[in-house]
Amino acid sequence: MKMKKMLFAAVSAGALMLASPSLAATELTVQRFFGACDADFGTNTDVTKAVGECGIITSLINKFNADNPDVHVNVSTVEWPGYDQLTAQFASGDAPDIVTIHESALSDYQSKGLLMPLDDLLKSVGVTPDAFTDAARNGATKDGKIYGLPIDSWTMLYHINMDLFKQAGLVNADGTPMLPKSPEELLAQAEQFKQKTGKPYFVQNLANETALYTRNLYTYLFQQDSDFFADPKHVKLNTPEAKKVVEMYKAIFDKGYTTKDLDYGGAINAFLAGDGGVQLNGTWVVGDNNAQSETKGTALNKGGYAVYPYPQLFGGAHAQYADGHTWAVSQKDRTPEQTAAIGKFLKFFADNDFEWSRTGHLPAYKAIITSDAFKALPHRNTIAAVADLGRPLPSAVQRQFAIQDIVGEEMSAAITGQKDVDAALSDMESRVNELLANI
Amino acid sequence: MRGPAISIRGRAFGDRVLLALVILLSIVMIAPVLWVIGLSLKENAELMANPNSVFHAPYTLKNYINTIGTSSVFAWVFNSIIVSGGLTLGTLILSSLAGYGFARLNFPGRNILFVIVLFGLAVPEQAVLVARHQIFSILKFHNTYHGLILPGLSASFGVFLMTQYFKAIPKELDEAALLDNASRFRIFWKVLLPLTVPAQATLGIFTFLGAWNDYLWPLISATKKEMYTLTVGMASTQTNFAQSEGIGFLMAQAVFAGAPILIVYLFFQKYIVTAVSGAAVR
């Protein structure tokens, strides 16, 4: 009997020793968008082999788990952007530890004390805000503190069909596309393009769309030094500067310099089919467009593909609207082990930001922007300037997603002729201010 | 017993025109379904470059492999079956009992209570969403099956439907059973309930369909991955621009998510047609 007890104790001790390290691992809940791709990258830890936002972020987290057996990250994916769920989770006291939040949405949660300021934690793991690009640091800083580890900056770009630009005579001697330097020049080049190619200069998603309109407006208000959010709780959009921008886009629409009635998917199809010269789209399609340009027989392969930041059309600041993705940390009571684990996770992503930049988004770190590896990625040399040009709305502006919808709706109504420009701007301003007044 | 088939030659001209019109309408109705299936069998990158590539090879099952390969997808299917099945069963039981009570029993305040129940039809879910979420937070009902099932059990339409159906059954059946000393429950269970099968099938399938497709409440109540229903889970796997960069995958998910509903409908369509047409099932 005594022998049996000793044997049982020995077996139990052995089982405990052999037990998976995850039994003692610190659990972290991580919630993100970017989709799920378990079939292709569910177990991949070689990040260099991953492609796309989903593939790269899945592989990075897999690698983190593999490299850090004392921490286990439990990932939940949510439909983009996931803020309905996140708000519900905060309301029920069940928020994840780490969550992807756009820089433009950080203030919605930070202003309610729901996010942890990260300055001290990042400092403890050797990540300093000085290492961030200006665009990334400005976007992640609220009330003077960092509320999200920036992982990228993204913005809208001019994606250019170089074959059509050559046909239109809009290519410089050095082979670069000729871009306008004023609204008048833009309209003149668009007319020239239309005459020479028979196609519209722009391929835009104008149907079922709000974001594109809004980002266009913000960019060209920045370039006119318009401080439309001088008071973060009160916007001024019924201004001569805003009118100039809306009237410019209305002229583009009225004169047939843009595709019409296309939604986002339709605009992508149209650009890839060679139905227009410039698609206004984001950093996230650089990879797809580049792949098309390397595929024989495609419209972009014919004469090449180029991508540039928005041209400087006005005499004010050299700037364009930019946002970015961050890892934010929910404010809750934690053990020192949990906090340390979060620090490890953030440090890991800071150290692997180059891999994330292969998605097409711009890196959040100056060292990566200037690195040879980054510059060697397709087209990054022409868009790296966004790291300096990119500018978010003032950090204290809340409900930026909702504001985007209002601004986009009114701009769409004005540009497509459903509403008078002045009426649209007046309604835009009053609707946004009513929204902000009710926060 | 089915009658002999009648050939088109034996039909009047008007019948032929009607038949042609019905065939045309069927094609119009089925075309989007065929389009969805076609898109689901193409590579995302190919569709992104050219949506017309759906009309020619190559075709692929990769999108279905990716759908099924999502690690939690069968857990989500299971969750949806539990929630939809539980909600359907609960609704049928409660609506049948309430319908019988309103149709056959005389009790004080019956009419007022019935009107109050009908008021529920005028209140949209969105109006009570925040309050319900807060109550469920306090009760710790989020991320549970009962948290997903309970809200749907207050089925005003179900009570209304069953009440009307019970009212249409002749009272003589009740009286005959009462003469045989049957209890009220026995009358309900043995005499009247079997006669409401068409209504129950209709209510059942619409409740199941509504629960299976529900997105808003599960989105904010089932926020842990293991408790996602199929709708929320499927949406969580999509990238931001799925409608352009992942349209094939999106369509494969739509087919996968819709297949169980199609199977359920195939089993119960007889009852639905009967209920709608007002005839009895023999």
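Q: Which residues does a disulfide join here, and how far is it from S to S?
A: Keep in mind that this is a predicted model. A disulfide ties two cysteines together through their sulfur atoms. Here the partners are A:Cys37 and A:Cys54, at 2.2 Å from S to S. The count over all chains comes to one disulfide.

Q: Is A:Cys37 buried or exposed?
A: Here you need a cut-off: buried means under 20% relative accessible area. A:Cys37 has 12%, so it counts as buried. A:Cys54 is buried too, at 10% relative accessibility.

Q: What should I know about phi, and where does A:Phe34 lie?
A: Most residues other than glycine have a negative phi. A:Phe34 has a positive phi of about 80°, although it is not a glycine. You'll find A:Phe34 in the loop between strand 1 (26-32) and helix 2 (38-41) of chain A. With 3% relative accessibility, A:Phe34 counts as buried.

Q: What is phi of A:Asp225 near?
A: Phi of A:Asp225 is near 55°, again a positive value in a residue other than glycine. A:Asp225 is in the loop between helix 10 (211-222) and helix 11 (240-254) of chain A. Its relative accessible area is 53%, so A:Asp225 is exposed.

Q: Which residues does the cis peptide bond with A:Pro81 join?
A: Most peptide bonds are trans. This cis bond joins A:Trp80 and A:Pro81, with omega at about -5°. A:Pro81 is placed in the loop between strand 2 (71-77) and helix 4 (83-91) of chain A. Chain B has a cis bond as well, from B:Ala57 to B:Pro58, and there omega is near 5°. B:Pro58 falls in the loop between helix 2 (44-49) and helix 3 (62-69) of chain B.

Q: How many residues does the largest nonpolar core have?
A: In soluble globular proteins, nonpolar side chains tend to be buried together. The largest nonpolar core in this model has 166 residues. Those with the most contacts inside that core include A:Ile101, A:Tyr158, A:Trp327 and A:Leu346. A second, separate core of 14 residues includes B:Ala103, B:Ile169, B:Ala199 and B:Leu203.

Q: Which residues form a nonpolar patch on the surface?
A: Look at chain B, where B:Leu18, B:Leu21, B:Val22, B:Leu24, B:Leu25 and B:Val28 form such a patch. Together they have about 570 Å² of accessible area. B:Leu21 lies in helix 1 (residues 13-40) of chain B, and at 46% relative accessibility B:Leu21 counts as partly exposed.

Q: How many salt bridges are there over all chains?
A: A salt bridge pairs a side-chain nitrogen of Lys or Arg with a carboxyl oxygen of Asp or Glu within 4 Å. The count over all chains comes to 20 salt bridges. In one of them, the side chains of A:Asp40 and B:Lys62 meet at 3.4 Å, N to O. A:Asp40 is in helix 2 of chain A and B:Lys62 in helix 3 of chain B, so this pair joins two chains.

Q: What separates A:Asp134 and A:Arg137 in helix 7?
A: About one helical turn, because they are three residues apart in helix 7 (residues 134-140) of chain A. A:Asp134 and A:Arg137 form a salt bridge, with their closest N and O atoms 3.7 Å apart.

Q: Which residue forms a salt bridge with A:Asp163?
A: The partner is A:Lys302, with the closest N and O atoms 3.9 Å apart. This pair links distant parts of the chain, A:Asp163 in helix 8 (residues 162-167) and A:Lys302 in helix 14 (residues 299-303) of chain A, 139 residues apart. A:Asp163 is buried, with a relative accessible area of 15%, whereas A:Lys302 counts as exposed at 65%.

How values were computed. Residues numbered from 1 in each chain as written. Chains lettered and ligands numbered in written order. Predicted model: local features only at pLDDT ≥ 70, side-chain atom pairs only at ≥ 80, totals over all residues. Heavy atoms only, no water. Core = buried A, V, L, I, M, F, W, Y, C linked by side-chain atoms within 4.5 Å. Buried < 20%, exposed > 50% of the residue type's maximum accessible area, 1.4 Å probe, protein only. Patch = residues over 30% accessible without salt bridge, like charges linked within 9 Å, V, L, I, M, F, W, Y side chains within 5 Å. Areas by Shrake-Rupley, 256 points an atom, 1.4 Å probe, with all protein chains shown as cover. Helix = DSSP H or I, 4+ residues; strand = E, 2+ residues; numbered from the N terminus. Disulfide = S-S within 2.5 Å.
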